[in-house]
Structure formats: structure tokens, C-alpha cells
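I set out to record what a reading of this structure shows, entry by entry.

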Amino acid sequence: MSKKILIIDGHPDPDRGRLVHALADAYAKGAGLGGHQVRRLELATMDIPFLRSRADWTDGTPGPAILSAQEAIRWAEHILFFYPLWLGDVPALLKAFLEQVARPGFALSPGTMPKPMLKGRSARLVVTMGMPAFFYRFYFAAHSVKSFERNILKFVGIKPVEHTLIGNVEGDAETREKWLDTLLNLGMAAA
Ligand SMILES: Cc1cc2nc3c(=O)[nH]c(=O)nc-3n(C[C@H](O)[C@H](O)[C@H](O)COP(=O)(O)O)c2cc1C
């Protein structure tokens, strides 16, 4: 069955040589071959200011890029987040995007006991990193990925959330080809 898929490429660098962009392209290609509907957001090319106050978060009007991203998220049934691990976490640009987008009235009901407003959507995180993925998983307990999944995505109602951790990315071309193939297959399956 055809799914509505939103690919959010969270790499801050617009250089098309970045691995994250290639992985997002491979997923999009697979999703197209699988007959799914695909929309894409490239954070590196968007105007994403830092959120600086609670007043802005609750009562401010986000800029056109954020409003259009919210519309795409509302449209989607399955959301992909692609990003490189930077200082053990999402790059600041992706965090800024999440703070802008996940406002009361869109992601959460307003008030002191917020309720999730984005139910009915699933997600996958695809994270690249310099260290081996098993090291991040076991020594660092995949802390930032777990926090993203539980404290942001599940908190606003998006579940289930899966993840693909890709380590040793400064490795050889063969590994890169293997991961591009894996992402193509995930895209075909809308997984
Ligand atoms: C600012 C910065 C911080 C980084 N921090 C980490 C880190 O904490 N752990 C890690 O394993 N790799 C780290 N790396 C390596 C990146 O994760 C790696 O270069 C990236 O995943 C490669 O994908 P790309 O070609 O799409 O940029 C860092 C790289 C940069 C530029």
C-alpha cells in the first residue's frame, strides 16, 4: 500500500558530497520505486532561526519555512530523520528546527498538561557517526537517539520509531555502497 513519506535531511552542510545526503537520496529513490509518495525537507537550505523565548514558542508565528514544514509533517504517515552525530547528539540546526516546529497547538496541546497531537505517524532515525556504531550503542548507551525517540517523537505522539545507526563512516567505498543499498530497500518497504 502506498504511504505518504516525509524525508527530513538534517545535515547542516548543503554540500551534496555528504554521506547523509546520499543516504536520503537512496531512501527517496527506493520509496519512489516502491510506489510511495515522497516529500523532502533539506534543513541546510531552509531559514531556521533559533527559538529564543517561551513567549515565541507559545504565541509567536513561525516563519514561512517552518509553517510549510509543519504542513508537510501533518501530511506525512511516516517520517525519516537523517543526520550526522555531532558532539554526541543531533546537529544544532536540527535541534533548532525541532524547537521551531514542535510548538504548542501543533505538536502538543497548549496548557500545563500537554497532550500529543501528532499521533498516527511512525518514524525512523538514520544516524551517521565517526565511531563504530556498536561503541555508540554500548559505551554511550545511544543516549541522544533514545532521547530523540522518547522525549521528542513519542512525546508528541509519533510511534513506533525505529533507528539505523551507521558507524565508521570514514570507512571504505564498499561499506558506503552497502548502506546505500540498505537505505534503498528500506525506502521501497517504506520502513
Ligand atoms: C562538528 C562535528 C562533531 C562530530 N562529533 C562526532 C561525535 O560526537 N561522535 C562521532 O562518532 N562522530 C562525530 N563526528 C563525525 C561525524 O558524525 C561524521 O563526520 C558524519 O557522520 C559523516 O557524515 P557526512 O559525510 O554526511 O557529514 C563529528 C563531526 C563533526 C563535523
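This is a predicted model: local features need pLDDT of at least 70, side-chain atom pairs count only at pLDDT 80 or more; totals for chains, interfaces and linings use all residues.

The entries below follow the order in which I looked things up.

Entry 1. I looked up the strand order and found an open sheet of five strands, arranged E2-E1-E3-E4-E5 with parallel pairing. Which strands stand at the edges? They are E2 and strand E5 (161-166); each has a single partner strand, so one side of each is left without a neighbour in the sheet. From one strand to the next, I find an average twist of 15°.

**Entry 2. E1 and E2.** I then examined strand E1 (residues 4-9) and strand E2 (residues 37-42), which are paired in the parallel sense over six bridges.

**Entry 3. E4 and E5.** At this pairing I recorded six bridges between strand E4 (residues 122-128) and E5, again in the parallel sense. Leucine 125 has histidine 163 in E5 as its bridge partner. Helix H6 (residues 143-153) packs on the sheet here and touches E4 and E5. The direction of H6 makes about 155° with that of E4.

**Entry 4. H1 on the sheet.** Which strands does H1 lie across? I list E1, E2, strand E3 (78-84) and E4, with H1 running at about 170° to E1.

**Entry 5. H1 against H7.** I next took up helix H7 (residues 173-188), whose axis comes within 6 Å of that of H1, the two crossing at roughly 35°. The crossing is right-handed. From H1, the contributors to the contact include Leu19, Ala22, Leu23, Ala26 and Tyr27; from H7, they include Arg176, Trp179, Leu180, Leu183 and Leu184. By class, I record 14 nonpolar, three polar and two charged residues in this contact.

**Entry 6. Backbone details in the loops.** I found a cis peptide bond between lysine 159 and proline 160, with omega about 0°. Proline 160 sits in the loop between H6 and E5. I also noted leucine 87, a residue other than glycine with a positive phi, near 45°. The loop between E3 and helix H4 (92-101) holds leucine 87.

Terms used:
Residues are numbered from 1 along each chain as its sequence is written. Two strands pair if DSSP finds at least two bridges between them. Helices (H or I, at least four residues) and strands (E, at least two) are DSSP runs, numbered from the N terminus. Axes are lines fitted to C-alpha atoms, for helices over the stretch in contact, and angles run from 0 to 180 degrees between N-to-C directions. Two residues are in contact if their C-beta atoms, placed from the backbone, lie within 7 Å. A crossing is left-handed if the near helix is turned anticlockwise from the far one by less than a right angle, and right-handed if clockwise. Ala, Val, Leu, Ile, Met, Phe, Trp, Tyr, Cys and Pro count as nonpolar, Asp, Glu, Lys and Arg as charged, and the others, Gly among them, as polar.
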